[in-house]
Protein chains: 2
Amino acid sequence: MSEKLEQLKERLGEVADITRAASVLGWDQQVNMPPQGHEARGQQLATLSKIAQEKFISDEVGRLIDDLKQELNGAETDDAAMLRVAARDYDKAKRVPPSFIAEQAIVTSAAFNAWVEAKGKSDFSIFQPHLEKVLELVRKYISFFPPADHPYDTLLDDYEPGMKTADVKAIFSNLRPRQVELIKAITSTKQVKADFLYKKYNEKKLIDFGVDVITRFGYDWSRGRQDKAPHPFETTFSVNDVRITTRYELDNPLATLFSTMHESGHAMYEQGVNPSYERTPLASGTSLAVHESQSRMWENLVGRSLPFWEHFYPAFKKAFPAQLDGVSLKAFYKAINKVEPSLIRVNADEATYNLHIMLRLELEIGMVEGRIAVKDLPEIWNSKMQEYLGITPPNDAKGVLQDIHWSGGSIGYFSTYALGNLVSAQLWEKINEEIPDLSDQIRKGNFAELLAWLRKNIHQHGHKYEPQQLVEMVTGSKITPEPYVRYLTKKYGEIYGL
Amino acid sequence: MSEKLEQLKERLGEVADITRAASVLGWDQQVNMPPQGHEARGQQLATLSKIAQEKFISDEVGRLIDDLKQELNGAETDDAAMLRVAARDYDKAKRVPPSFIAEQAIVTSAAFNAWVEAKGKSDFSIFQPHLEKVLELVRKYISFFPPADHPYDTLLDDYEPGMKTADVKAIFSNLRPRQVELIKAITSTKQVKADFLYKKYNEKKLIDFGVDVITRFGYDWSRGRQDKAPHPFETTFSVNDVRITTRYELDNPLATLFSTMHESGHAMYEQGVNPSYERTPLASGTSLAVHESQSRMWENLVGRSLPFWEHFYPAFKKAFPAQLDGVSLKAFYKAINKVEPSLIRVNADEATYNLHIMLRLELEIGMVEGRIAVKDLPEIWNSKMQEYLGITPPNDAKGVLQDIHWSGGSIGYFSTYALGNLVSAQLWEKINEEIPDLSDQIRKGNFAELLAWLRKNIHQHGHKYEPQQLVEMVTGSKITPEPYVRYLTKKYGEIYGL
């Protein structure tokens with residue numbers, strides 16, 4: 001390894017160490033921290049983040065990157081990929097002045113507090129002036145970058161490298177009418193019964209069942225753990241320490257189980273990254289959409305499938321005999337896949353979920369283009385909900401105020417959730433081609449070959465390939481909605497007898 | 001506040017943030033980390049420690065300290081105290097070259113592994129060459145500093161600022177014959193029965209009882225928490241997040257309870273530091289001995305006292321009726337205070353504990369002076385054990401290899417444990433003068449006035465005063481063994497009818 005490459009790696013390694021130390025502090029904040037610990041913790045996190053940023057955008061790192069670009073020019077090695085990612089991140093980070101980051105921290109901190117209050121009181125006017133400031137900052141952020149085909153491209157690229165607004169719009173335009181049509185067909189037929197899912201389920205038993213399931217999936221407990229937290233999430237401290245959290249919701253008990261499967265999908269991705277990428281910019285999943293494809297695959301394509309429950313239902317019913325008394329496997333399977341247009345994105349079923357995303361994307365693009373004023377968001381939100389899902393929120397708390405993202409300045413994030421769904425189905429078709437008896441394996445509770453396929457084709461590469469490049473390499477085409485539409489149509493056609 | 005003072009505080013604040021972030025990582029490593037997380041965590045901790053050190057010994061910090069020394073010269077303010085501590089730490093840190101720190105990390109890491117193996121096989125020869133290297137490094141460390149009255153002073157000063165080897169020797173010379181005499185008197189009289197302490201006690205009930213006790217003491221759970229870990233310890237992330245750990249030992253179940261009281265003493269000290277000292281070098285206890293005085297006070301002077309158990313014994317007996325069937329309060333009180341010369345320091349009772357320390361101090365001073373060769377340690381250890389405690393270790397694992405300290409290069413540390421015992425008794429006499437009905441308060445389970453006294457006289461000051469200065473301010477004299485001897489003589493005189 002050239003001396004300069006070694007120097008760059010050592011510097012990036014330090015940045016990675018600090019960033020991951022900050023992740024430990026963030027995890028602890030959610031999982032363990034006593035109530036009064038917040039202020040000092042916020043200060044400690046701010047300091048770590050500042051130091052990581054300073055160390056990363058140092059002139060020396062810039063010089064090393066420039067020199068190495070010539071040395072590694074055109075190479076297809078891991079080092080060349082590492083350099084590409086480092087150079088891209090460096091360029092982005094250099095464009096954003098520290099004063100902007102400080103301003104953003106202040107604005108989003110106030111916006112977050114206002115959002116909490118606004119949501120609590122279901123009063124958008126409390127949040128409106130803050131969101132206007134956030135939007136101003138977002139526009140300012142865009143101005144630091146060279147003009148793109150569309151200003152929204154700059155935002156999207158932070159979450160989904162290489163993805164263009166036009167691509168996402170094309171994918172969603174193709175998808176939307178077909179999902180709307182499917183939902184109409186479903187809602188006009190006889191509804192399935194699901195009340196038994198909302199009885200009281202013992203929390204510990206549910207969590208234990210989830211632990212058994214993801215152990216079978218292949219989540220490696222010697223390199224991870226699960227704790228309770230207010231919101232389920234996955235976090236990575238190293239390839240050998242990838243943790244998840246879960247929670248118990250009284251009014252939606254089975255969410256504990258499905259969210260554990262979901263987070264295990266994120267975690268197995270991170271546990272599967274090539275260990276030689278540790279402490280480099282390649283050491284994590286390549287994008288939010290590809291990450292979400294993994295979590296959704298284990299949660300939905302596996303965890304909400306009939307073969308999965310053919311294996312697990314007897315044990316599940318044994319764990320909850322009173323709740324599931326007289327409920328057949330088929331009835332249970334239908335219930336956990338019940339389609340019902342609903343107000344809240346995070347509770348949406350597989351068939352309606354993407355429509356929630358499309359609505360948000362249109363609003364975000366409209367705001368960034370200046371076509372949609374912040375003050376008009378509630379009205380536009382409600383009319384789009386009616387158009388796409390046939391329901392209208394009774395108030396802003398259950399409408400435009402439901403998501404945290406905008407309060408933190410995360411504009412450009414939402415579409416990765418829907419893209420993740422598409423990628424999960426696209427990979428799933430490929431996997432089933434290459435593992436023709438996958439359903440039988442799942443029916444036997446055997447996930448080893450599935451995980452091995454994902455490790456080999458997706459996980460190990462970490463950040464080496466851009467998401468579109470990776471999806472094309474593996475499936476033969478860039479992200480496309482067709483497999484997802486085929487998947488939905490087949491699955492819900494069978495469930496609802498369409 | 002002058003601009004330079006503000007600048008210095010901001011820099012020291014960053015260093016404090018990084019150091020405390022490292023403490024979070026260290027705590028997590030003991031409490032939560034999955035087995036395979038060690039390597040990356042070690043790397044992350046090394047990076048944080050390196051950055052904290054670099055930031056602290058920067059030329060700019062040095063210039064600010066120098067400039068402010070003139071500005072704050074002679075002032076008695078908190079800022080002046082902060083500057084004194086910062087200047088002292090800076091001077092120490094500057095003297096030690098980074099190359100030495102790196103070498104030390106390598107040598108002590110190997111020495112630790114050798115110690116684990118040597119202890120496991122009870123074979124000192126495995127550890128000997130490593131301890132020789134550690135000792136070489138310790139001598140080299142001393143050489144970085146100006147000559148002191150005694151070379152060991154330099155080591156001692158790192159743990160007990162301002163304390164001299166001659167002072168400690170004088171204190172211990174005064175104390176040793178009197179403790180030896182007391183132990184002889186005790187062991188030649190009728191022994192107390194304590195077998196019921198070593199029955200099987202339910203772990204959860206013991207931990208719950210400990211939680212109740214320290215809640216009553218005044219440990220603030222809104223600013224802390226207790227977890228299980230392989231070794232009990234206290235750790236501070238901020239004045240508002242001070243955590244403790246406990247463990248359950250099958251062969252010594254009640255240690256769970258006493259170690260919880262012990263750690264709560266450390267924790268209440270840290271919780272009581274003036275919050276305005278946060279992110280400055282004043283924001284923690286002033287020395288190991290004063291820290292230990294707090295933990296020992298709550299564990300021994302409170303937790304092993306008759307009034308304490310007059311209050312708690314009924315509830316304790318109710319929690320463990322089978323184990324304590326027929327055991328009177330007096331019998332229980334005598335049992336938990338049973339004096340018995342034993343091999344292992346950490347299990348030693350109040351009357352014998354200090355002798356374990358004196359033995360170690362003599363060996364350390366001998367090694368540093370060059371009078372004692374590492375290879376002769378086992379023999380000298382064993383003969384001193386016979387001389388002080390009348391017993392001889394059957395092997396090195398239960399003798400010279402029992403403590404972890406030397407393997408990590410911590411030479412100079414041990415005496416602070418014994419000094420902590422002395423300070424606890426010295427403070428206790430003063431407290432009982434000022435709160436004449438303290439025993440009655442404890443008998444009623446009321447610790448509020450005691451904690452308030454400690455907060456006011458000790459805790460709030462954090463690192464503002466050097467330990468000897470603080471002890472003298474509060475009790476009228478520097479650290480002296482007299483109160484401890486009076487305490488032991490009275491307590492054990494009553495228990496053993498001497």
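Select A:R243 and A:W27 to begin: A:R243 lies over the face of A:W27, 4.5 Å from the ring centre. A charge counts as sitting over a ring if NZ of Lys or CZ of Arg is within 6 Å of the ring centre and within 35 degrees of the ring normal. Next, select B:R296 and B:Y353, where the charged end of B:R296 sits over the ring of B:Y353 at 4.2 Å from its centre.

The model is predicted: local features need pLDDT of at least 70 and side-chain atom pairs pLDDT 80 or more, whereas totals for chains, interfaces and linings use all residues. Residues are numbered from 1 along each chain as its sequence is written, chains are lettered from A in the order in which they are written, and side-chain values use heavy atoms, without hydrogens and water.

Rings of Phe, Tyr and Trp (its six-membered ring) pair if their centres lie within 6.5 Å; planes under 30 degrees apart are stacked, over 60 edge-to-face and the rest tilted.

Select A:F100 and A:F144: their ring centres are 5.2 Å apart and their planes stand at 90°, so this pair is edge-to-face. A:F100 belongs to helix 5 (residues 98-121) of chain A, and A:F144 to the loop between helix 6 (124-143) and helix 7 (151-159), 44 residues apart. Helices here are DSSP runs (H or I, at least four residues), numbered from the N terminus. A:F100 is buried, at 2% relative accessible area; buried means under 20%, exposed over 50%, partly exposed in between (1.4 Å probe, protein chains only).

Finally, select A:F217 and A:W298, a tilted pair with 4.6 Å centre to centre and 40° between the planes. A:F217 is in helix 9 (residues 203-217) and A:W298 in helix 11 (residues 288-302) of chain A, so the pair ties together parts 81 residues apart in sequence. A:F217 is buried at 1% relative accessible area, and A:W298 is buried at 0%.

How values were computed. Helices (H or I, at least four residues) and strands (E, at least two) are DSSP runs, numbered from the N terminus.
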